[in-house]
Amino acid sequence: MNYQGNNKLVLSIGTVLLIVVALLVIFATTPDARPALSTLSGIIVLMAVLSVVFAYEKYKRVKERVSKLPKDFQMTYLDIYELLGTYTISKFDRQNILAMILEIFEHASLDQRTVDDVIGGNLASFVDSFANETGKSQSPGYLFVYSTSLFLGFLLLIKVYKVIRTGSITLAALNNETLDIGIVAAYFIISYVFFPWLTLSIRKSTRQQWQGAQKLRLLIPMFIPVGLMMALIIINDPAWRSIIDRPLPLFASPLSLVLGILILFGALLLTRLHQR
Amino acid sequence: MVDRAQILKGLLDGCILKIISQGETYGYRLTSDLNEYGFKELNEGSVYPSLIRLEKKGLVSAETKKSSIGPSRKYFRLTLQGEAYLHDFSKLWSEISTVVDQIMKGGINSELSR
C-alpha cells in the first residue's frame, strides 16, 4: 500500500487555482465590475494563499514530528492524522491516540516490521479500533448541527458587518440593512451541501487511499462555493437579478438577532456534545 | 466454527490488568507479553485501544516517560479501582472456568447417570 498523507494540501492548492480561474472569468465577463471586485478579489486570493501556507506549515510540523520514522511509517502517520480529523473526538483524545500510534510506529520500525504488518493491511480498520474507544465517525447529526452553526455564523457576521458599516448601531440600521436572497441561498448551500460533501470526501480519500489523479476528486465539491460566487457576480439577467438581489429581512429586530445568536450557541454546544 | 475473537473480547481486559498488576508496563511490551503467553492473534491494534478503554474507566493510570534507549513510552499501572476489578475478574473467571471444565468433561451427566 502507498500512503500519501497530504489530502488537505492538495485541496488547498487546488482551491487556490480554482479561485484564480474563477476570478479571471469574472473579470473577463463583467468589465464594469472590475474596480469594485479588485479589492474583494485581492482579499479572497490572499485568504486562499494563506490557507495553502497554513496547510503546508501544518503538514511540515506533523511531518517533523515523525521525521525519524521510515518513509512509509511517516506517510501512514500523516494519513492517520487526517483520518482522525473526520471523527467526532475531542482534541485531547486525538492527541492521545496519535501519541500511542507514534509509540507503536517507533517501536515497530526499530523491530524492522512493515507498516502493513502493524496495521494489518487495513488503515481504516486500524484507526477505527482506536477512534471507537473515544468517539465515532461524523454522524449525520453532527454534520447537521455543524452546518447549522456555519450557516448562522455566516449570516450573523454579514449582518453585524452591514450594520456597523452604517456608522451607528440603531434599530433603523438593524431593520434597513438586509441580506439578499442570493447570499442567503448561497451560504445555505455551502453550509448544508458543500461542507458535509467535502468532509465525507476527505474521509473517503484517506480510507480508500486515493492515489495521484484520484486525489483531484477532492476538488469536485469546491465547484459549489466557487460556482456560487461566480453566479452571484456574473448573472446579469434582470429576471434572475430581481430574485438574487431581493432583500430578506433576517435579524431585522433585536429579538430575532438574539434568537439567532442563541440558536448559534445551541448548535455550537451540540457539536461539542457530539465529541464526547 | 467458534469465534475465538469474540471469546477473547470478554477476557482481554482482565488479562491485561493481570499483567499490569505484575509491574508497570507499556503497550508495545504488553502486546509482546500477550503474544508470548499464547494470544498470537493479538496485535497493537487490539491492545492499545483496550488500554484507552481501561484508562477511561479509571482502572489504570498512565505516565509518559522518556526511554534512554529509544522512543518515549506511556507506562500503565493499576489503580485501586483496577485492583478491585481484577480481584472480581479473577474470582469470576475461577467460577466460570470450573463450571465450563466440568461441563466439557461431562462431569454432571456422568454423576446423574450413576
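Helices, as I use the word today, are DSSP runs of H or I with at least four residues, strands are runs of E with at least two, and both are numbered from the N terminus. By that rule, chain B has five helices and three strands. Read along the sequence, these elements of chain B follow the pattern α-β-α-α-β-β-α-α.

Before I continue, a word on the source. This is a predicted model, in which local features need pLDDT of at least 70, side-chain atom pairs count only at pLDDT 80 or more, and totals for chains, interfaces and linings use all residues. Residues are numbered from 1 along each chain as its sequence is written, while chains are lettered from A and ligands numbered from 1 in the order in which they are written.

Let me stay with chain B and turn to its sheet. Two strands are said to pair if DSSP finds at least two bridges between them. The three strands of chain B form an open sheet in the order β1-β3-β2, with antiparallel pairing. At the edges lie β1 (25–26) and β2 (60–65) of chain B, each of which pairs on one side only. β1(B) joins β3 (residues 73–78) of chain B through two bridges. Here B:Thr25 stands opposite B:Phe76, and B:Tyr26 stands opposite B:Tyr75. Between β2(B) and β3(B) there are six bridges, again antiparallel; in β3(B), B:Arg77 is the bridge partner of B:Ser61.

What are the overall dimensions of chain B along its principal axes? Its C-alpha trace spans about 65 × 30 × 20 Å. The radius of gyration, taken over C-alpha atoms, is compared with a globule rule of 2.2 Å times the number of residues to the power 0.38. A compact globule of 114 residues would come near 13 Å, but chain B has 17 Å. A residue counts as buried if 20 or more other C-beta atoms, placed from the backbone, lie within 10 Å of its own, as exposed if 12 or fewer do, and as partly exposed in between. Buried residues make up 25% of the 114 residues in chain B.

I now move to chain A and its helix α7 (residues 140–165). Several residues of α7(A) are buried, among them A:Tyr142, A:Phe151 and A:Leu155. Just after α7(A), A:Gly167 takes a positive phi of about 100 degrees.

In helix α1 (residues 7–29) of chain A we find A:Val20. Why does A:Val20 count as partly exposed? Because A:Val20 has 15 C-beta neighbours inside 10 Å.

Finally, the interface. Two residues are in contact if their C-beta atoms, placed from the backbone, lie within 7 Å. On that basis, 15 residues of chain A are in contact with 15 residues of chain B. On the side of chain A, two or more residues come from each of α4 (91–110), α5 (115–119) and α6 (123–131), and α4(A) gives the largest share, seven residues. By class, this side of chain A has eight nonpolar, four polar and three charged residues. Here Ala, Val, Leu, Ile, Met, Phe, Trp, Tyr, Cys and Pro count as nonpolar, Asp, Glu, Lys and Arg as charged, and the others, Gly among them, as polar.
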